[in-house]
Amino acid sequence: MINLEKLAKESNRDYAFRVIRENIINLQLKPGTMISEQDLADELRLSRTPVHEALQELARTQIIEILPQRGSIISHINMELVDEAIFMRSTIEANLTQEACQIAKEKDIQKLEENVALQEFYLQKNSIDKIMELDNEFHEYMYKITNKMLCYQVVKQINIHLDRYRELKLHTFNSASVIKEHKEIVETFKTKDSKKARQLIEQHLKRSYPNEQELREKFPEYFS
């Protein structure tokens with residue numbers, strides 16, 4: 001498991017939640033892995049209480065299953081939950097991106113352009129984890145432009161199922177097409193073509209996984 005630096009003013013419970021969540025998403029904690037509160041507490045140098053609370057919250061998203069007297073198990077990738085995450089995200093972000101396109105200022109467009117340029121840079125370096133991080137920041141910035149960060153937190157909670165699938169796909173297939181789609185979205189912001197921006201984000205986020213079967217064949221132990 002990869003430990004992260006504890007943030008200033010971050011509670012022990014929030015820290016434990018963030019570290020465990022990130023390790024689930026980046027597949028350091030693989031689907032089907034058994035974990036224990038005590039082992040996690042020891043590794044994070046925390047008491048069991050904040051770890052217990054973090055696991056309880058993660059269990060509510062169905063990304064882990066708590067087994068009484070045995071510990072917890074990282075849930076396998078469930079494509080129905082991935083679909084549900086995509087449904088929520090695409091429903092919200094279609095409207096969000098359209099609004100963001102209408103009200104974005106020059107500094108916002110510049111920020112998005114810088115983000116895409118960094119994605120292209122790290123694509124050349126084959127730094128998949130950094131591309132994933134920048135991809136998430138690109139979408140998060142739409143929420144910031146429209147000042148809808150509560151919506152972002154709601155989407156982020158269920159998005160853990162989609163993020164894990166995206167991580168697996170990025171490590172297996174070329175992510176150049178995803179970056180190209182981000183660039184096309186930024187171009188609509190420059191022309192204030194909000195209708196086109198909505199259309200592009202819907203296409204970008206829609207449930208379309210031509211590689212799903214290939215991923216299942218490569219990583220059968222990851223899927224339910």
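Colour the chain by accessibility: buried residues (under 20% relative accessible area with a 1.4 Å probe, protein chains only) make up 45% of its 224 residues. Bear in mind that this is a predicted model, where local features need pLDDT of at least 70, side-chain atom pairs count only at pLDDT 80 or more, and totals for chains, interfaces and linings use all residues. Residues are numbered from 1 along each chain as its sequence is written, and side-chain values use heavy atoms, leaving out hydrogens and water.

Switch to cartoon: you'll find eleven helices and three strands (DSSP runs, H or I of at least four residues for helices and E of at least two for strands, numbered from the N terminus).

Next, select Ile20, Ile24, Val51, Leu55, Leu58 and Ile64. Of the 25 residues in the largest nonpolar core, these touch the most other members. Such a core is a set of buried Ala, Val, Leu, Ile, Met, Phe, Trp, Tyr and Cys residues joined through side-chain atoms within 4.5 Å. Helix α1 gives this core its largest share, seven residues.

Zoom in on Ile24. Neighbours within four places in sequence aside, its contacts (heavy atoms within 4.5 Å) include Leu29, Ile74 and Arg164.

Last stop: the C-alpha trace. Which dimensions does it span along its principal axes? About 60 × 45 × 35 Å.

Notes
Buried means under 20% relative accessible area, exposed over 50%, partly exposed in between (1.4 Å probe, protein chains only).
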